[in-house]
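Subject: Structure handover

Hello,

Here is the structure for you to look over. My notes follow below it.

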Amino acid sequence: MKKIDLHIHTKASPYSDSVYDFSISKLQEYVEKLSIDCIAITNHNLFDLEQFNQISEQIEITVLPGIEIDIEKGHLLLISESTELDDFKTKCNQVEHLIQNKSDYISIAQLKEIFVDLSKYLLVPHYDKDPILKPEIIEQLKPFITSGEVSSAKKFKYCINDTNSLVPVLFSDLRFTHQMTEFSPRQTFIDIDDKSLRAIKTCLMDKNKVFLHHSEGHRFFQIFENGQKLSTGLNVILGERSSGKTYTLKTISRLYENVKHIKQFELLETDEEKDKKKFDELLTTKQSSVSEQFLKEFKEVVEDVLKIDRKENDKRIESYLTSLLKVAAEEDKMDVYSKCTLFNESKFIETNNETLKQLVEATELLIENAQYRTLIDKHISKKILQELAVDLMKKYEEVQQKNLKVRWVNSLVTNVQKELQSSTASEHVKDIDFYNVLLEKEKLEKFENIAAQIKKEKVIEQKDIRRFKIVASTKRFTGAQELKNKSGIQQTAFSGAFPLYDSPIQFLEELKKMERIPETEFYKYFVDVSYKILNEHDAEVSGGERSEFNLLDRIQHAHHYDFLLIDEPESSFDNLFLKNEVNEQIRQISKTVPVIVVTHNNTVGASIKPDYILYTKKEIVDGKAVYKIFSGNPADTILKTVDGEEINNYNIMLNCLEAGDSAYVERKQSYENLKN
Amino acid sequence: MLKESNHMKILKIDNGKGLYFKEPDQWIGIDQIGKEDLLTLLDNAISGDFEMDEFDTAALQNKAHQIIYKHLYQKFNELNENKSRFKDESEQLYKSAIEKYTEAISSENN
């Protein structure tokens, strides 16, 4: 089994990194401390041959040459054999030449043109790690890509279990500087004896040959540089006060990104009124997607209606009718100019080809989509779609050509009319686009109907979170102050707008006059969405229940994170809630996210059935505090430090969770007596 | 201007009046021209070579005819410089996509 880290930075690229000074001694320390067998130097869009040779001479393990390339808006590691270094440098120089600023990237075609035979290299894209290389790009680079880089043990485990995912690899992506004080243990173990690129490539084709831990497969991973491991499932940290439990959680938070840390007492309410307000605000923010989703279509309607100038349309109709009547009355007075057909000619209306454009885009999407290819092909062949696309495009061109001609004629008609009209005192018929006027009138009527519908108060969504229920309802605004609160702008008053609340068009026109309110937010002032949390009896929750809801909600949302850390939940919640509600959720989430719970409580510590136990202990050695971590499986009789020091598991469990052996026996006896 | 006999004539001056071509042997007074007639003239003009009698104020007695003839003459004259502009402009957006898919369809047929 070899431990590899094929993503290491040693030189700052002018466009991708901030400046840093590389430290070879830190790289040496890293390789030794973490017992790494093979590394690859992969700087952004460059390869420094001279520096690579120096590193290879000074580092005793295998060092492979590589480059991290900005390609199609994602990142790709390209790693080479250590032979033909001059040729590799020439190729990398071409990449360097093409990337001249932060937003530059090369195309697949350029990659193939530069590196010619991609089968000679190991290609590893950013897979579940930012900036990701899009799946369709990876698809185009197959069969040269078999593995993908992920950013955490959680994602590694996910890819291993997901049959459609690439073979995952976890690398450090570190920049080695003098200032570094600790190293993140993100490396991958692979089942090979020989450290050649060919052997690594073969290994990275097979999920059965890559591991998070040298002996424990994917059940464990290394968390600290000293070799301390953790379960990828549920870990419980026990220990006396001030023995380093919270410190351990803080270290994980500092070393790793994307960590959800629920701190001790964080969820406990101290000021009921203040906390309730905060809770309601938080709930509204968190659930704002429900409101956004509900008002999505209405927002589009409002945006469309905003373009309509009702008064201007009325004016145009009036002006048209007046001029028409006048022309009719003056028919006998017509002169050589006003008798010309063009004198009163109306303009052509151009055909709107937006729908055709959308149809072309939709057809192209069906042709190009790789993700659902099989499903699309099952119903309609690519050839038919291509024929349809060509026909639609030709139709678009035809309509477009007609529009251009119409525009040409309209401009000619306008010029002739202007000169004819200025040469005579006769009245001319004012031009008007009746189609547009009628369309806009229809839109306004529809808008009034929709606005009336949307204001009807109703429940729009219900979501169950364990024994709680989140209910989102629409609510009419009942006064100018509510509208003002909604806007969040102090220096504005809705006293002019609110009286028109039930006349949507006039209300909207009044909002338009309010300079501080952005047009894009007008839709929010027609109806409000309120949220409440109900308990299992459909009653509004109490302060304690709000804290419970918060805890469950946070655990549930930990799916988005790479770690979930919970510090002494028993400080804020009672045992029944912890046993019935929390333990089950924690166990559930630990199937996908590594969880670390610090506790003194037997309900959490023992009943939760952890996968791994850690015991922290502070010892004073030569007047200095030394923090130790003993760890092992819950069923082990002995827990050990990484240096092999041992401690009895039974004693720890009793001391930490039951206040010692005698207290435990005494308590047990008391319960027995009560029972009898 | 463009005085080749095999070209289609679209505007002419005859007997002090401006006339436009409606159909063979039918020339109509330019004061009667409407937008649909202009569109037809435009189609005729871009489908082949065309010619017009040169604009001449003295030859046109009717003042309204002078105004209309002048504008039409100028505009069609400009058009003659680049008759393919409507086709070129309208084909800009999807030219390469049509080529790509047409090629794909024909190679699949082979």
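Which residue is the bridge partner of A:Thr474 in S17(A)? In this predicted model, that partner is A:Val529.

The sheet in chain A

The pair sits in S16 (residues 468–475) and S17 of chain A, which run antiparallel and share seven bridges. These strands belong to an open sheet of three, ordered S15-S16-S17, with antiparallel pairing. S15 (459–465) and S17 (528–534) are the edge strands of chain A; each has a single partner strand, so one side of each has no neighbour in the sheet. From one strand to the next, the twist averages 15 degrees. Helix H18 (residues 543–557) of chain A packs on this sheet and touches S15, S16 and S17. The direction of H18 makes about 95 degrees with that of S16(A).

Look also at the loop between S17 and H18 of chain A, where A:Asp538 lies. Phi of A:Asp538 is positive, near 60 degrees, in a residue other than glycine.

A helix pair in chain A

H11 (residues 310–329) and H15 (residues 434–454) of chain A pack at an angle of about 140 degrees. Their axes are 11 Å apart. That angle makes H11(A) oblique to H15(A). The crossing of H11(A) and H15(A) is left-handed. On the H11(A) side, the contact is made by A:Arg310, A:Asn313, A:Ile317 and A:Tyr320. H15(A) contributes A:Phe434, A:Val437, A:Glu440 and A:Leu444. By class, the contact of H11(A) with H15(A) has five nonpolar residues, one polar and two charged.

Backbone points in chain A

Please check these by eye.

- A:Asp130 to A:Pro131 is a cis peptide bond, with omega near -15 degrees. A:Pro131 is in the loop between strand S5 (122–128) and helix H5 (135–140) of chain A.
- A:Lys142 and A:Pro143 are also joined by a cis peptide bond, with omega about 10 degrees. A:Pro143 lies in the loop between H5 and strand S6 (147–150) of chain A.
- A:Asp173 is not a glycine, yet its phi is positive, at about 60 degrees. A:Asp173 is placed in the loop between strand S7 (167–170) and strand S8 (174–175) of chain A.

The sheet in chain B

Chain B has an open sheet of four strands in the order S3-S2-S1-S4, with mixed pairing. S3 (26–29) and S4 (50–52) of chain B stand at the edges, each with a single partner strand, so one side of each is left without a neighbour in the sheet. Direction ignored, neighbouring strands are turned by 25 degrees against each other on average. S1 (residues 8–14) of chain B runs parallel to S4(B), and three bridges join them. Opposite B:Leu11 stands B:Met52 in S4(B). Helix H1 (residues 35–47) of chain B packs on the sheet, touching S1, S2 (17–23) and S4 of chain B. The direction of H1 makes about 75 degrees with that of S2(B).

The interface

How many residues does the contact take from chain B and from chain A? It takes 40 residues from chain B and 40 residues from chain A. Between them, chain B and chain A bury about 3,600 Å², 70% of it on carbon and sulfur atoms. B:Lys35, B:Tyr94 and B:Tyr101 supply 21% of the area that chain B buries against chain A.

Best regards

Terms used: Residues are numbered from 1 along each chain as its sequence is written. Chains are lettered from A and ligands numbered from 1 in the order in which they are written. This is a predicted model: local features need pLDDT of at least 70, side-chain atom pairs count only at pLDDT 80 or more; totals for chains, interfaces and linings use all residues. Side-chain values use heavy atoms; hydrogens and water are left out. Axes are lines fitted to C-alpha atoms, for helices over the stretch in contact, and angles run from 0 to 180 degrees between N-to-C directions. Helices (H or I, at least four residues) and strands (E, at least two) are DSSP runs, numbered from the N terminus. Angles under 35 degrees count as roughly parallel, over 145 as roughly antiparallel, 65 to 115 as roughly perpendicular and the rest as oblique. A crossing is left-handed if the near helix is turned anticlockwise from the far one by less than a right angle, and right-handed if clockwise. Contact means heavy atoms within 4.5 Å. Ala, Val, Leu, Ile, Met, Phe, Trp, Tyr, Cys and Pro count as nonpolar, Asp, Glu, Lys and Arg as charged, and the others, Gly among them, as polar. Two strands pair if DSSP finds at least two bridges between them. Buried area is the accessible area (1.4 Å probe) that two parts lose on being put together, summed over both.
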